[in-house]
Amino acid sequence: MEKVRTRFAPSPTGFMHIGNLRTCLYAYLFAKKHNGTFVLRIEDTDRERYVDGAVDVIYRTLQTAGITHDEGPDKDGGYGPYIQSERKDIYMRYARELVERGGAYYCFCTKERLASLGDGSGVHKYDKHCLSLSPQEVKAKLDAGEPFVIRQNVPTEGVSEYDDMVFGHIAVPNADMEDNILIKSDGMPTYNFANVVDDHLMAINYVIRGMEYLSSTPKYNLLYDAFGWERPHYMHLPPIMKDAQRKLSKRYGDTNFEDFLAKGYLPEAIVNYIALLGWSPKDNREKMSMHELVELFDVDGISKSPSIFDEAKMKWLNGEYIKCMTPREFADRAKPFLDASAVAGKFDYLKVAKLLIPRVEIFSEIADKVEFLRGFGKYDPAMFEHKKMKITLPLALEVLTQCAEVLPSVDEWTDENLKAVLGEIAQKDGRKSGQIFLPLRLALTGAATTPGGATEMAELLGKEESLRRLDFSIGLLKEALA
RNA sequence: GGCUCUGUGGUCAAGCGGUUAAGACUCAGCCCUCUCACGGCUGCUACCCGGGUUCGAAUCCCGGCAGAGUCACCA
């Protein structure tokens, strides 16, 4: 196999959505899998769509996603420039060469004439009107400064075909293809042309992109052929859908990488999940690091049908990543979310992290989970009643009073130690452990559900605060029973 | 509408002529359990339809149907 060179060629529109990122990921994985080169090229030939700062978004996204390009605008590999707007003269030069080779021709038709081409059937197709212009006529118009475009000269008969690495053999009748514009009247190339010229000049031999190009690829091949260039291999990818009808796109929101980051998703989990949308490894493994993805990536595993983006599954995967974190890692990476929650400045993040790791799938769930820690005050004592555990209010009071007697003498205020001490008490009195832990947890938190049990809550709150709350709750119970 | 492609549970997705049609997410139930989670177990639900080919078809062929893509001086 020749040295593999793939590329990702986004247009700087301001954000990178999941579908683009996956295309980028596959191009990267394929290159790395084969010890090849992954090139980043910026396709900014459409100045009307250009957005300031958009290129930075691309760099930032690749970096946090863990995708590193070997060549690009910021990493010259000898095939630059890597920004299309800086290659303008190259395209014009090649377009003229193509005209000489008969693969293209000048067209001076006005927009009005083009619009009148309708021919009733509804679909218009350019009628090759300017192809019949003589060289002298063309020269005269050019000299007169008439605006022009350059069009590809597609044969009217025959069939163009190629083999796609995922979709197999593709054959399209030439008559169905139009003489598309290669050079626009502003002198800039269209995607159709710039892409082919750049891919060739940058020695890209594996073109990996969305399947929206599947049926126009024969047209690009015609260009390669007209120049006498070797055609690249093609790998077209099925789209990622929002639902069965709609493709994922920025129009529906929440589909770009940075939005998910803001919601508390881990970049490695997002990358892992999108790798799985449209591809699966031989052993059907699901949780994979970038390194493993590179190792396992294989064209055979790419699916031909569109896949629907399922955030529930991505969330689950994200949770799997969180479960593997140490409290230290969790505290560091979730810091912005912890800072914005009820535990900010009041509790030890490491202790909170330990409780949250198995209970949170994405960081944005943190706030709700710890909200009960915001304050502690009057609550409904009826919560102490528990039929299944046979806990009545008087029993709760009795147990809590007992706790209040024993606990102050506990020096090592840790989850484990407290558990041992309280367990002993329960056993001594012949009670189920729940009959003591349950009331205590309620007494310490005043919350029906908490991320952890009585002893974990006690450790988190600390001895002083725990005893204060216990005292308060005993008072509350006494009042209720009076 | 023409052309191109696709069609396995609600979702992702194994399967490549012979399987009790994997697995994961979701959902439901059970166990564990001091609430909530984690974990463990069980369950529900699928080969788009119709014809062929074949001893045998989810797998191959044809035709329907459904969905997607494309038909720009957007990429």
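Student: What is the bridge partner of Arg5 in E2?

Tutor: Thr37 is the bridge partner of Arg5 in E2. This is a predicted model: local features need pLDDT of at least 70, side-chain atom pairs count only at pLDDT 80 or more, and totals for chains, interfaces and linings use all residues. Residues are numbered from 1 along each chain as its sequence is written, while chains are lettered from A and ligands numbered from 1 in the order in which they are written.

Student: What makes E1 and E2 a pair?

Tutor: Two strands pair if DSSP finds at least two bridges between them. Strand E1 (residues 5-8) and E2 are joined by 4 bridges, so they pair. They run parallel. Strands (E, at least two residues) and helices (H or I, at least four) are DSSP runs, numbered from the N terminus.

Student: Which way do the residues of E2 (residues 37-40) point?

Tutor: Thr37 and Val39 point one way, Phe38 and Leu40 the other. All are buried: 20 or more other C-beta atoms, placed from the backbone, lie within 10 Å of a buried residue's own (exposed: 12 or fewer; partly exposed: in between). Across chain A, buried residues make up 37% of the 482 residues.

Student: Why is chain A called more spread out than a compact globule?

Tutor: Its radius of gyration, taken over C-alpha atoms, is set against the globule rule: 2.2 Å times the number of residues to the power 0.38. The rule gives 23 Å for 482 residues, and chain A has 33 Å, well over that, so it is more spread out than a compact globule. Its C-alpha trace spans about 110 × 45 × 40 Å along the principal axes.

Student: What makes a set of residues a nonpolar core?

Tutor: The members are buried Ala, Val, Leu, Ile, Met, Phe, Trp, Tyr and Cys residues, joined through C-beta atoms within 7 Å. The largest such core has 94 residues, and Ile274 is among those with the most contacts inside it. Helix H1 (residues 18-33) gives the largest share, 10 residues. A second, separate core of 21 residues includes Tyr94 and Ile183.

Student: Which residues does Ile274 contact, leaving aside neighbours within four places in sequence?

Tutor: Ile18, Leu21, Arg22 and Leu25. Contact requires C-beta atoms, placed from the backbone, within 7 Å.

Student: How many residues surround RNA strand B?

Tutor: 66 residues do, and Glu43 and Tyr191 are among the closest. A residue is near the strand if its C-beta atom, placed from the backbone, lies within 6 Å of it. E6 gives the most to this surface, with 5 residues.

Methods
Two residues are in contact if their C-beta atoms, placed from the backbone, lie within 7 Å.
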